[in-house]
Amino acid sequence: MSTSTSRTASTSRTARTPRTRAPELVGRRWVGTDGRALRMADLRGRFVLLDFWTSCCVNCLHVLDELRDLEERWAAELVVVGVHSPKFPHEAEPGVLDDAVRRYEVHHPVLDDADMTTWRAFAARAWPTLVLVDPTGYVVASLSGEGHAHGLDALLTELVPEHEERGTLVRGERLFAPLPEEVPADGLRFPSSALVLPERLGGGVLVTDTGHHRLAVLDDDLAVVRTVGDGARGLLDGDGATARFAEPQGLCLLPEDVAERLGVDVVVADSANHAVRGVRLAREGEPGGEPEGEPDRVTTLAGTGEQLRRREGGGPALAQHLSTPWDVAWWDGQLVVAMAGLHQLWALEPGAGEAPDPADGVVRVLAGTSAEGLRDGDAEQAWFAQTSRLVPSADGAALWVVDSETSALRRLVRTGDAPDRSVPVVEDARLANAAPVAAPGYAVETLVGSGLFDFGDRDGGAGEALLQHPLGAAVLPDGSVVVADTYNGALRRYDPAAAPGEPAVTTLAADLAEPTGVAVVGEGQDAELLVVESRAHRLLRLPLAAGRAVGAAAGRVERPPTPLAAGPVDLRVRFVPPAGQHLDDRWGSPVRVVVSASPPDLLADGAGTTTALDRPLVLRGEAGARGVLHVSAQAAACDAGEDGEVPEHAACHLYQQDWGIPVVLGDGPGELVLDLRGV
């Protein structure tokens with residue numbers, strides 16, 4: 001699409017698109033309204049921004065953060081309404097949604113759309129989806145994915161004066177009633193992971209106290225004895241008493257020689273700060289007690305505090321944006337980062353020398369294309385979906401990877417070739433590099449799990465066992481792996497050495513409150529499990545008992561399928577740049593669309609990558625045939641100058657979204673319209 005075309009499109013919205021009245025908001029109940037049900041008529045006179053989200057989706061969590069400033073700036077003119085349309089059955093439980101609102105500090109009303117009634121009414125096709133409704137009740141924009149806060153602000157800046165002049169705008173108060181807090185300030189709040197500290201560091205247990213934005217040191221009785229971080233959300237290095245984190249998640253204990261060289265004992269995945277932090281733990285104190293000498297110190301090792309929007313990266317660690325690092329692990333001579341926000345694994349290599357400066361560190365992609373899904377093979381071609389936990393194998397030959405959105409246990413292994421650890425160069429800063437950016441030398445294998453939409457609670461052979469959104473793991477003394485099967489509330493054991501005919505996956509414990517982390521305490525017959533029960537705000541000890549094969553439930557994410565005609569179908573990805581931005585084709589097309597299908601033979605024609613937003617597809621199958629269309633779209637819009645032209649060094653903004661659309665063939669339409677940014 002040319003620049004001139006985008007200008008015409010952005011200035012003729014009314015002529016191009018029929019006005020659509022917003023459907024009613026229908027769901028099971030409301031959260032954050034003191035029980036009051038809101039109707040569209042109640043919100044007439046103000047702009048309404050509907051945020052379709054689900055609490056397991058990392059991209060949805062990004063949008064929650066993006067909307068905070070927008071909500072503050074337009075508090076009188078705009079009402080943000082969350083529409084929670086769950087992906088997994090566990091998320092549909094009322095108490096789980098209430099805790100998600102508390103956990104992620106949501107400060108606007110949320111509709112519990114457990115049956116996805118409102119999702120269907122607004123034709124949402126992806127998490128997250130944003131729909132803006134004007135004060136007269138008409139839809140004015142539909143946007144998929146993240147990164148739209150700037151564009152929404154520009155749209156409100158344009159439309160608020162129009163409705164003020166017409167007399168249709170009525171300013172009002174913010175609509176939100178906070179949920180009662182049930183956790184004492186001196187306890188844990190939604191902890192996520194635990195690390196057993198060696199005696200050289202004072203012993204005890206280090207926990208990411210995620211809901212309090214800090215770390216906590218616990219004694220052997222699991223009581224909090226001191227904290228690292230002052231408990232306020234922020235990004236601040238220095239003394240542990242005043243340092244700040246934002247939703248810290250995973251922890252990694254560095255090998256002693258590496259720790260001494262770097263001056264850092266523990267590495268923290270500081271997820272909402274989009275940063276990797278290092279902690280030098282206090283010295284000279286009693287084991288687990290208050291320090292008497294050197295205090296805890298916090299240092300940023302990678303990240304700028306800003307989220308990476310493009311699907312590539314690499315370079316100086318402190319100059320490179322990251323995207324929701326969820327866990328960290330020292331493996332194969334490097335610090336591996338589970339970059340959940342990009343569905344990738346990255347590597348952080350500190351600088352050389354006896355005492356390297358953090359500024360000398362570099363980061364690079366290690367595995368994954370950033371496409372969301374499950375695909376094995378060479379690391380640079382693999383697909384992940386919210387990489388959430390990393391655990392080196394007992395012999396160090398592999399790195400176990402918990403891939404939460406595919407409900408899978410996977411592993412990264414070295415191939416025969418030595419990995420190329422050079423940092424890739426991005427040729428086009430506006431779009432993700434089309435070439436693979438991960439370093440060769442590794443391969444990805446899936447042991448348990450089968451796809452982005454498949455889940456369950458079933459033990460048995462590795463090929464038939466099912467999990468539901470796992471978030472934690474640890475290696476047991478015998479080399480097997482215990483998985484924190486979070487949404488099943490269970491601990492599962494995977495035994496890679498299981499004999500033929502014996503179950504490779506068994507259940508160790510059940511009826512837990514969202515276990516997100518697990519650690520092994522002790523050795524041999526004396527070993528026991530230390531489990532992080534996130535929703536119960538606690539850690540508990542469990543004996544390491546033999547596993548038992550239980551469970552027979554299998555499920556699949558049942559989003560309403562989109563009816564489409566068998567045969568020719570026109571795919572249209574709508575994208576209108578925000579006011580003041582234009583698509584820029586001076587160096588080639590600023591858009592990229594990738595299409596594939598599951599199963600692959602669903603697409604008779606139209607698969608692959610193109611540089612156009614629209615393309616013809618041909619779908620193969622009899623009436624009633626089902627499958628999933630995978631569409632990934634990117635578009636870069638650049639700021640225009642006063643003359644309307646894009647200057648040579650204009651700031652550019654990347655918009656992107658992955659759709660996995662269940663479809664059913666039959667008498668459906670011959671057109672599929674997806675809104676990347678439809679206005």
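Predicted model: local features only at pLDDT ≥ 70, side-chain atom pairs only at ≥ 80, totals over all residues.

Reader: What makes arginine 19 a charge that lies over the face of tyrosine 138?

Author: A charge sits over a ring if NZ of Lys or CZ of Arg is within 6 Å of the ring centre and within 35 degrees of the ring normal. Arginine 19 lies over the face of tyrosine 138 at 3.8 Å from the ring centre. The charged end of arginine 21 also sits over the ring of tyrosine 138, 4.2 Å from its centre.

Reader: Why is the pair of phenylalanine 88 and phenylalanine 455 called edge-to-face?

Author: Rings of Phe, Tyr and Trp (its six-membered ring) pair if their centres lie within 6.5 Å; planes under 30 degrees apart count as stacked, over 60 as edge-to-face and the rest as tilted. A search of the whole structure finds 8 aromatic pairs. In the pair of phenylalanine 88 and phenylalanine 455, the centres are 5.6 Å apart and the planes stand at 80 degrees, hence edge-to-face.

Reader: Where do phenylalanine 88 and phenylalanine 455 lie?

Author: Phenylalanine 88 lies in the loop between strand E4 (78-84) and helix H4 (94-103), and phenylalanine 455 in strand E27 (residues 454-458), so the pair ties together parts that are 367 residues apart in sequence. Helices (H or I, at least four residues) and strands (E, at least two) are DSSP runs, numbered from the N terminus.

Reader: How do you know whether phenylalanine 88 is buried or exposed?

Author: Buried means under 20% relative accessible area, exposed over 50%, and partly exposed in between (1.4 Å probe, protein chains only). Phenylalanine 88 has a relative accessible area of 2% and is therefore buried. Phenylalanine 455, at 8% relative accessibility, also counts as buried.

Reader: Why is the pair of phenylalanine 575 and tyrosine 655 called tilted?

Author: The ring centres of phenylalanine 575 and tyrosine 655 are 5.2 Å apart and their planes are at 50 degrees, so the pair is tilted. Phenylalanine 575 lies in strand E37 (residues 567-575) and tyrosine 655 in strand E44 (residues 652-666), so the pair ties together parts that are 80 residues apart in sequence. Both phenylalanine 575 and tyrosine 655 are buried.

Reader: Why do strand E8 and strand E11 count as edges?

Author: Two strands pair if DSSP finds at least two bridges between them. The open sheet of 4 strands has the order E8-E9-E10-E11, with antiparallel pairing. Strand E8 (194-196) and strand E11 (224-228) each have a single partner strand, so one side of each is left without a neighbour in the sheet.

Reader: How do you know that strand E9 and strand E10 are joined?

Author: Strand E9 (residues 205-209) and strand E10 (residues 214-218) run antiparallel and are joined by 5 bridges, where the definition asks for at least two. Leucine 206 stands opposite valine 217 in E10.

Reader: What makes leucine 447 buried, and which residues does leucine 447 contact?

Author: Leucine 447 counts as buried because its relative accessibility is 17%. Contact means heavy atoms within 4.5 Å. Leaving aside neighbours within four places in sequence, leucine 447 is in contact with Trp400, Leu409, Arg410, Arg411, Ala462 and Tyr494. Leucine 447 is found in strand E26 (residues 442-448).

Reader: Why is strand E32 described as largely enclosed?

Author: In strand E32 (residues 515-521), 6 of the 7 residues are buried, so the strand is largely enclosed by the rest of the structure. E32 pairs with strand E33 (residues 528-533) in the antiparallel sense over 6 bridges, and the bridge partner of glycine 517 in E33 is valine 532.

Reader: What makes serine 370 buried?

Author: The relative accessible area of serine 370 is 5%, so this residue is buried. Serine 370 has its place in the loop between strand E21 (362-367) and E22. Apart from neighbours within four places in sequence, serine 370 is in contact with Arg311, Leu342, His343, Gln344 and Asp658.

How values were computed: Residues numbered from 1 in each chain as written. Heavy atoms only, no water.
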